[in-house]
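These are my notebook entries on a single chain. I record what I looked up, entry by entry, beside the structure itself.

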Amino acid sequence: MVFIINGYLRSGKDTFVTMVSKLWKEWRYRLGLDTTEVINISTIDYLKDIFKKEFNWDGNKTPQARRALSVIHNELALWNDIPFVLTSEKIKEEQSKGNIVFVHCREPENIFKYSCAFGAPTIFIKNDNAKRAVLSGSQKLTKSDTEVENYKYNIIIDNNSTFENLEKQAENFIIEQIGDI
């Protein structure tokens with residue numbers, strides 16, 4: 001099972017996936033699915049690894065690092081589609097293990113591509129504070145950061161309330177989207 005997830009910078013994407021993972025661990029034992037895990041993948045994971053190894057990048061997503069990752073990712077996609085090829089291999093590897101995969105993907109054309117390739121529903125994490133912070137222009141961001149709403153997502157998770165409310169949405173997500181797998 002694969003889901004494509006997106007949202008503005010600091011909207012709560014990783015927090016949501018972490019909540020789903022934590023709650024799923026409790027559910028999977030009740031369902032007898034001891035080995036099924038929730039896996040979090042980004043379409044730029046391969047680039048992060050290269051930056052860390054070859055350029056001694058500390059993993060801190062400064063505006064400069066985010067821009068470099070985005071530009072190189074987009075150029076590689078235009079050149080030979082290597083981001084899709086490498087990410088798809090990782091998704092298929094995790095699917096073969098029976099895992100639930102969340103793929104962080106930014107660009108609308110790539111969201112569509114992954115969604116079609118894997119029959120994956122798309123998720124948008126809505127957070128008005130994160131949206132305001134990004135669109136205020138106070139940070140140098142990429143086009144991918146500012147145009148996250150340029151897609152018609154299947155599922156909207158509203159992260160404009162409390163931590164407890166987001167956790168309840170994670171629980172409902174498991175019931176409605178994952179169920180008994």
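**Entry 1: Contacts and basis**

I looked first at contacts (heavy atoms within 4.5 Å). Of those in the chain that link residues at least 6 apart in sequence, 80% join residues at least 24 apart. I note that this is a predicted model, in which local features need pLDDT of at least 70 and side-chain atom pairs count only at pLDDT 80 or more, while totals for chains, interfaces and linings use all residues. Residues are numbered from 1 along each chain as its sequence is written, and side-chain values use heavy atoms, with hydrogens and water left out.

**Entry 2: Overall form**

I took helices (H or I, at least four residues) and strands (E, at least two) as DSSP runs, numbered from the N terminus. The chain has eight helices and five strands. Read from the N terminus, their order is β-α-β-α-α-α-β-α-β-α-α-β-α.

I then checked the radius of gyration, taken over C-alpha atoms; the globule rule is 2.2 Å times the number of residues to the power 0.38. For 181 residues a compact globule would have a value near 16 Å, and the chain agrees because its own value is 16 Å. Along the principal axes, the C-alpha atoms fill a box of roughly 45 × 35 × 30 Å.

I applied the burial classes: buried is under 20% relative accessible area, exposed over 50%, and partly exposed in between (1.4 Å probe, protein chains only). By this criterion, 45% of the 181 residues are buried.

**Entry 3: Ser-11**

I located Ser-11 in the loop between β1 (2–7) and α1 (13–31). Is Ser-11 buried or exposed? Ser-11 counts as buried because its relative accessibility is 1%. Leaving aside residues up to four places away in sequence, Ser-11 touches Ile-125, Asn-127, Ala-130 and Asn-159.

**Entry 4: Helix α6**

Asn-127, one of the residues touched by Ser-11, also caps the N-terminal end of α6 (residues 128–135). I find a side-chain oxygen of Asn-127 3.1 Å from the backbone nitrogen of Asn-129. After α6 comes Gly-137, with a positive phi near 80°.

**Entry 5: Helix α2**

Which residues of α2 (residues 45–55) are buried? I list Tyr-46, Leu-47, Lys-48 and Phe-51. The cover over these buried residues includes β2 (38–42), α3 (63–80) and α4 (82–96). As background, an α-helix has 3.6 residues a turn, so residues three or four places apart point the same way. Just after α2, Asn-56 has a positive phi of about 55°.

Terms used:
A polar contact is a pair of N or O atoms within 3.5 Å; within protein, one must be able to donate a hydrogen and the other to accept it, and residues adjacent in sequence count only if both atoms are side-chain atoms.
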